[in-house]
Amino acid sequence: MKQEKLGKEAITSSLAMLEDWTLEDDGLAIAKSFKFKGFTDAFAFMSEAALAAERLNHHPEWFNVYNRVDVRLTTHSSGGVTALDFRLAEAMEKAARER
Ligand SMILES: C[C@H](O)[C@H](O)[C@H]1CNC2=NC(N)=NC(=O)C2=N1
């Protein structure tokens, strides 16, 4: 099922419901830098997020150093941001709250 690429207004209103997520300047991805108490919590978050990503068949671009996880979400097959990116973002928020 091909996901519809969202326009800037739809992205902005969805971002308003999430904490600290931003739209990249080129409008092609949403991003957040998560911070945890240490590496164990960061990695536990990544494990939980990885399971959510598999359930959604939608996968993050991310970068981890110690307690920080920089996340970038985009839908490669659509060439931009879709509803799936927001579903994964919400799952990540839930995983982060559990840490
Ligand atoms: C074949 C498989 O369904 C695709 O490669 C999926 C997997 N995960 C994906 N994740 C993301 N972020 N974008 C995609 O287009 C995508 N496509």
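Two strands pair if DSSP finds at least two bridges between them. Helices (H or I, at least four residues) and strands (E, at least two) are themselves DSSP runs, numbered from the N terminus. The structure on display is a predicted model, in which local features need pLDDT of at least 70 and side-chain atom pairs count only at pLDDT 80 or more, while totals for chains, interfaces and linings use all residues. Residue numbers start from 1 along each chain as its sequence is written.

**First stop: strands E3 and E4**

Select residues 61–65, which form strand E3. E3 and E4 pair in the antiparallel sense over 5 bridges. Within this pairing, Trp62 stands opposite Val71 of E4. The hairpin of E3 and E4 has 2 residues between the strands, and Tyr66 takes a positive phi near 50° there. E3 is hardly covered: of its 5 residues, the count of buried ones is 0. A residue is buried if 20 or more other C-beta atoms lie within 10 Å of its own, exposed if 12 or fewer, and partly exposed in between, with C-beta atoms placed from the backbone.

**Second stop: strand E2 and its partners**

Select E2, residues 30–35. E2 and E4 run antiparallel and are joined by 6 bridges. Ile30 stands opposite Leu73 in E4, and Ile30 is also the bridge partner of Leu23. Strand E1, residues 22–23, pairs with E2 in the antiparallel sense over 2 bridges. In the hairpin of E1 and E2, with 6 residues between the strands, Gly27 has a positive phi near 75°.

Select residues 83–97. The expected span of a helix is 1.5 Å times one less than its number of residues, so the 15 residues of H3 should span 21 Å; the end C-alpha atoms are 21 Å apart, which agrees. Now colour Asp85, Phe86, Leu88, Ala89, Met92 and Ala96, the buried residues of H3. These residues lie on the same side of H3 because they cover an arc of only 160° around the axis, the arc being that of the directions from the helix axis to the C-beta atoms. They pack against helix H1 (8–15), strand E2, helix H2 (39–56) and strand E4 (68–73); contact requires C-beta atoms, placed from the backbone, within 7 Å. On the face turned away from the buried side, find the exposed residues Lys94 and Arg97.

**Last stop: the ligand**

Select the ligand, which is surrounded by Asn57, His58, His59, Thr75, His76 and Ser77. By class, this shell has 6 polar, no nonpolar and no charged residues.

Methods: Two residues are in contact if their C-beta atoms, placed from the backbone, lie within 7 Å. A residue is near a molecule or strand if its C-beta atom, placed from the backbone, lies within 6 Å of it. Ala, Val, Leu, Ile, Met, Phe, Trp, Tyr, Cys and Pro count as nonpolar, Asp, Glu, Lys and Arg as charged, and the others, Gly among them, as polar.
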